Amino acid sequence: MAYRVLIAQFMHETNTFSKLKTTLDDYRRRWLIDGEEMVPRFKGTRNEVGGYIDSADKYGWTPVYAAAANATPSGALTRETWETIRDKILDAAKKAGKLDAVCLSLHGAMVTETEDDAEGALLEALRRIVGPDVPMVATLDLHANATVKMAKNANALVSFRTYPHIDGYERAVQAAALVQEALTGKKKPRCLLSQPAMLEGADHGRTTQPGEMRDLLAKADVYEKEPGINVVSIQVGFTWSDIPYTGPSIAVSHEPEAAGRAGEICRALIDEIWRRRDETLSARKNGYRSVADGIAAARAKTDKQGPLVLADGTDNPGGGGYNDTTPVLRALLDAGIRNAAVGTIYDPDTVQQAMKAGVGAEIDVELGGHTDESMGKPVKAKAVVKMLSDGVFRNDGPMNAGVESNMGPTAVLRIGGIDVVTISNRIQTIDLQTFLSQGIDPRARDVLVVKSVQHFRAAYAPIAREIVLVDSGGICSPDISRLKFRKLRRPIWPLDGVNDPYAGARA
Ligand SMILES: [Zn+2]
C-alpha cells in the first residue's frame with residue numbers, strides 16, 4: 001500500500017524591527033494555496049515544493065497536499081494570519097486519517113504576535129497529531145533562527161547550502177529520500193540542535209566566494225558520509241529578530257546509535273564558527289559602501305561591458321526592508337545619471353495615479369519614502385508613464401526558476417534619465433525578469449539599482465561590469481548596535497563580553 005505523506009509549506013522571514021505586521025493579504029500577494037492546487041502551481045519548478053512533488057512521484061507515495069504559504073519578509077505575523085495558515089495545515093493532517101510521514105517547507109525565522117518560535121510550535125502541534133513514530137522532516141532557509149523545539153519534533157532539519165538560495169529543490173529531494181528510508185525501516189533518524197552564544201557568524205552564509213561558509217559546508221558534506229549521520233545543516237541565523245533564538249546553529253540528523261558523534265560534529269562546527277567570528281564582523285563592515293561611493297562608481301570611466309549594479313542592501317525587502325527608500329534614486333537624479341533603471345520602488349498609490357493617467361502621460365509624483373520618512377523623503381518629480389502591467393512574471397532563475405512572481409500592479413516611470421519599476425507588492429530583486437518583464441533590457445543599461453543584499457548576485461553577477469553594495473540607511477542596517485534587543489538571550493557575542501561560545505548555550 002502506498003505511503004500517505006503530508007506535504008505543506010509555511011514560510012516567513014520575520015524582521016521584528018519592522019513596523020509592518022504581516023497579514024493574510026501579504027500572503028495572498030505572494031501565494032496562499034490550498035491543497036491539490038499546489039500541484040499545478042509548483043510541479044516542474046525548482047523550489048522545495050517542486051522537489052517534494054517529484055519525490056512523491058518517484059517513491060509512489062500518496063501525497064496529502066495541505067497548503068503552501070509564502071510572503072515577503074516583514075514584521076511579525078498577526079495572530080489571525082498565523083492561526084489561519086497553521087490551522088489549514090493541522091486540519092489537513094487531522095482529516096487525512098493515518099499519515100505515514102510529513103514533509104514540510106519552512107523558513108525557520110518566523111515570528112508571530114503570539115509565537116517567538118513559530119516553526120517550533122507548528123512542528124510540535126503536528127507531532128501531537130501524527131504521533132511519535134511518524135517521520136517528519138522540514139527544509140529550512142539557511143537564515144533560520146533554528147530552535148531545540150524544532151529539532152525535538154522533527155527527524156531532520158535540512159537547510160539550504162547556497163546563498164543566493166538556489167538549492168531549494170535539491171534540499172527537498174534530500175529530505176524526501178531520508179523519509180523514504182525511514183518509511184522502509186532502513187533508518188530511524190533523530191535530530192540534534194546546538195546553538196552557541198553568538199548573534200551572528202559564518203559570514204552570514206554567503207557562498208558566492210571562497211570563505212568561511214564554503215569551508216563549513218565542505219566539512220558538513222564529509223560528516224554526512226559517516227555511518228549513522230544523515231544530514232548536517234548549518235543555519236547562520238537572521239539577525240533582525242528580537243527573540244531568544246536569534247543566531248547561528250547546527251542541526252544534525254543522526255541514527256540513535258550515533259547520538260554521541262552528532263554532538264561532536266555540532267561542537268566541531270561551532271568551534272570553527274567561533275574561531276572565525278571576526279571574519280563575519282569584518283565582512284559586514286567592509287561589504288557596504290556609501291551611496292556617494294556608488295555614484296562615483298556610476299560616473300567612473302571604464303572599458304568594461306555591462307551595467308554597474310548598485311545593491312540597495314539596507315532596504316532589501318528580502319530581509320524586511322520597506323522597499324521604498326529613496327536615497328539611492330535621489331542621488332542618481334542629483335548626479336544626472338542617465339540610462340539607469342531602478343528595480344524596484346514600492347508605491348501602490350503612485351502606481352494607481354499612473355494607471356489613471358495612462359501610458360505616455362506626464363504626471364507629478366511623490367515617489368517612495370512613504371513608509372518611514374526618516375529613511376528618505378518621497379522624491380517629488382515629473383515622471384512619464386512608460387509602461388503599465390499586472391506585474392506578474394515567471395522567474396528565469398537560477399533562483400526559483402519557473403516560479404511565478406507577482407509585483408502587483410506595476411508602472412514603469414521615467415524620471416530624468418532613469419526608469420523606475422514602481423510596484424504594489426514588496427518583493428526582493430532576484431531575477432532579470434524584474435526588468436525584462438517591464439520592457440527594460442538590464443544588459444543595455446549603464447546602471448541598475450536592485451533592492452537586495454545577496455540573492456540578486458545569482459542572476460546579476462553574470463551580466464554586471466561591477467557590483468557596489470550600498471548602505472542607504474534602511475531598516476536592514478549592517479550596524480547591529482542600532483538594533484534594540486530586549487528578548488535576545490544574553491550574554492551573546494558580539495554585544496556582550498563573551499569569551500566562550502557555550503556561555504549560556506542551548507543544546
Ligand atoms: Zn535566506
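This is a predicted model: local features need pLDDT of at least 70, side-chain atom pairs count only at pLDDT 80 or more; totals for chains, interfaces and linings use all residues.
**Stop 1: Met-38**

Select Met-38. It sits in helix α2, residues 38-42. Is Met-38 buried or exposed? Met-38 counts as buried because it has 23 C-beta neighbours inside 10 Å, and the cut-off for buried is 20 or more.

Now show what surrounds Met-38. Setting aside neighbours within four places in sequence, Met-38 is in contact with Ile-33, Val-49, Tyr-65 and Ala-68. Draw a distance from Met-38 to Tyr-65. The two are 27 residues apart in sequence, yet their C-alpha atoms are 7.1 Å apart in space.

**Stop 2: α3 against α7**

Select residues 48-59, helix α3. The axes of α3 and α7 come within 7 Å and cross at roughly 35 degrees. The crossing of α3 past α7 is right-handed. Which residues make the contact? On the α3 side, they are Glu-48, Gly-50, Gly-51, Tyr-52, Ser-55 and Tyr-59. On the α7 side, they are Gly-168, Tyr-169, Glu-170, Arg-171, Ala-172, Val-173, Ala-176 and Gln-180.

**Stop 3: α4 against α5**

Move on to α4, residues 79-95, and α5, residues 118-130. Their axes come within 10 Å and cross at roughly 25 degrees. Angles under 35 degrees count as roughly parallel, so α4 is roughly parallel to α5. Here too the crossing is right-handed, with α4 passing α5.

Show side chains on both helices. From α4, pick Trp-82, Arg-86, Ile-89, Leu-90, Ala-93 and Lys-94. These meet Ala-118, Leu-122, Ala-125, Leu-126, Ile-129 and Val-130 of α5.

**Stop 4: two cis peptide bonds**

Look at the bond before it. Tyr-163 and Pro-164 are joined by a cis peptide bond, with omega about 5 degrees.

Then jump to Pro-494, in the segment after β19 (466-470). Trp-493 and Pro-494 are also joined by a cis peptide bond, with omega about 0 degrees.

**Stop 5**

Select Asp-203, in the loop between β7 (190-194) and α8. Check its backbone. Asp-203 is not a glycine, yet its phi is positive, about 55 degrees. Asp-203 is buried, with 25 other C-beta atoms within 10 Å.

Step to His-204, which lies in the loop between β7 and α8. Phi of His-204 is positive, near 55 degrees, and this residue is other than glycine. His-204 is buried, with 23 other C-beta atoms within 10 Å.

**Stop 6**

Follow the chain to α8, residues 212-224. This helix has 13 residues. From first C-alpha to last, α8 reaches 18 Å, close to the 18 Å expected at 1.5 Å a residue.

Colour the buried residues of α8: Glu-212, Met-213, Leu-216, Leu-217 and Ala-220. Turn the view to look down the axis of α8. Where do its buried residues fall? They fall within an arc of 125 degrees, so they line one face of α8. An α-helix has 3.6 residues a turn, so residues three or four places apart point the same way.

Conventions: Residues are numbered from 1 along each chain as its sequence is written. Helices (H or I, at least four residues) and strands (E, at least two) are DSSP runs, numbered from the N terminus. The expected span of a helix is 1.5 Å times one less than its number of residues. A residue is buried if 20 or more other C-beta atoms lie within 10 Å of its own, exposed if 12 or fewer, and partly exposed in between; C-beta atoms are placed from the backbone. The arc is that of the directions from the helix axis to the C-beta atoms. Axes are lines fitted to C-alpha atoms, for helices over the stretch in contact, and angles run from 0 to 180 degrees between N-to-C directions. Angles under 35 degrees count as roughly parallel, over 145 as roughly antiparallel, 65 to 115 as roughly perpendicular and the rest as oblique. A crossing is left-handed if the near helix is turned anticlockwise from the far one by less than a right angle, and right-handed if clockwise. Two residues are in contact if their C-beta atoms, placed from the backbone, lie within 7 Å.
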